[in-house]
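Subject: Structure handover and notes

Dear colleague,

Here is the structure I promised to pass on to you. Please open it beside this message, and then read the notes that follow with the chain in view.

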Amino acid sequence: MNPFKPFTTTEYFFRPRQILIRLSRAFSWPPPEFARVTLPWGDPLTIRPAEVIGASIWFYGVFDLTVAEGIGRLLDPGELALDIGANIGQMTTLMRRRAGPAGRVIAFEPHPEIFAELAANVPVDTTDPQLAPAALHQVALSDADGEAFLAAGEQWSVNRGVAKVVTEAAAPANRRWKIKRTTLDQMLPGAAKVGLCKIDVEGHELKVFQGAARLLRERRVRDIIFEDLGTFPSP
């Protein structure tokens, strides 16, 4: 067994400096509740190193490299990008960097605690001339307007990326939040064209697509990156 094999992964192979960062953090005291890091594309981000998303960024420099790579390759300067299920904003910052000042980014995150961290990580009043303007919405995208419930799930304390939209009956009373929901068709009226749409909403993806029927029918979304928790071929 090669003890150095873990350091040949993409996150380290193309950013050798991250190996030193990983080693220094592995042998240091546990980090505090929050830590400030710099992402590979240069933007700062406040994370929680003790939970799944934060730990990945803390040790590897990035969370969900495949999605980040897709965004980096597909989104062009000057385009509109959507981050549906933005969490703490890592992908939103990448979209702003890629779309540039002539572009625009809209991010959606319904969870109140996470939205507050998203807002801190993605300041809409930034003076950085290289970033696209951003709009943040504390709302869940679905197939209709109204209210819904967000269930935290059993692993919430260590993985804050698994909250999902559910019915009131399916949401445990001690781990749920009442949230607002709307549709993408409502949020993007007119003739706006989307260069890239990323969707990660823990099994609610089909509802998001149903709420974007007009947008999709008119072919106003060029590229979509989405997570599908169903068995292929799923609905």
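Two residues are said to be in contact when they have heavy atoms within 4.5 Å. Setting aside the neighbours within four places in sequence, I57 has contacts with Q18, R25, V37, L39, L45, I47, V62, F63 and Q90.

Before going further, please keep in mind that this is a predicted model, in which local features need pLDDT of at least 70 and side-chain atom pairs count only at pLDDT 80 or more, while totals for chains, interfaces and linings use all residues. Residues are numbered from 1 along each chain as its sequence is written, and side-chain values use heavy atoms, with hydrogens and water left out.

The overall picture comes first. The chain has nine helices and 11 strands, where helices (H or I, at least four residues) and strands (E, at least two) are DSSP runs numbered from the N terminus. Its radius of gyration is 18 Å, close to the 18 Å that the globule rule gives for 235 residues, so the chain is as compact as a globular protein of that length; the radius is taken over C-alpha atoms, and the rule is 2.2 Å times the number of residues to the power 0.38. Of the 235 residues, 43% are buried, where buried means under 20% relative accessible area, exposed means over 50%, and partly exposed lies in between (1.4 Å probe, protein chains only).

Next comes the interior. In helix α3 (residues 52–60), the buried residues are I53, G54, S56, I57 and W58, and their cover includes α2 (17–26), β1 (35–38), β2 (44–47) and α5 (90–99). Just after α3, G61 takes a positive phi of about 95°. The largest nonpolar core has 32 residues, and those with the most contacts inside it are L45, I47, I57 and I71; such a core is a set of buried Ala, Val, Leu, Ile, Met, Phe, Trp, Tyr and Cys residues joined through side-chain atoms within 4.5 Å. Two or more residues of this core come from each of β1, β2, α3, α4, α5 and β7 (146–151), and α5 gives the most, with four residues. Apart from this core lies another, of 17 residues, among them I106, L141, L184 and V221.

What did the search for salt bridges find across the whole structure? There are 16 of them, each being a side-chain nitrogen of Lys or Arg within 4 Å of a carboxyl oxygen of Asp or Glu. In one, the side chains of E117 and R48 meet at 3.0 Å, N to O. Because E117 lies in helix α6 (residues 112–121) and R48 in the loop between β2 and α3, this pair ties together parts that are 69 residues apart in sequence. Both partners are buried, E117 with a relative accessible area of 11% and R48 at 17%. Another bridge joins R73 and E69, whose closest N and O atoms are 2.6 Å apart; the two are four residues apart in helix α4 (residues 65–74), and so separated by about one helical turn. Here R73 is exposed, at 64% relative accessibility, whereas E69 is partly exposed, at 37%. Salt bridges that share partners also join E33, R48, E113, E117 and R160 into one network.

With kind regards
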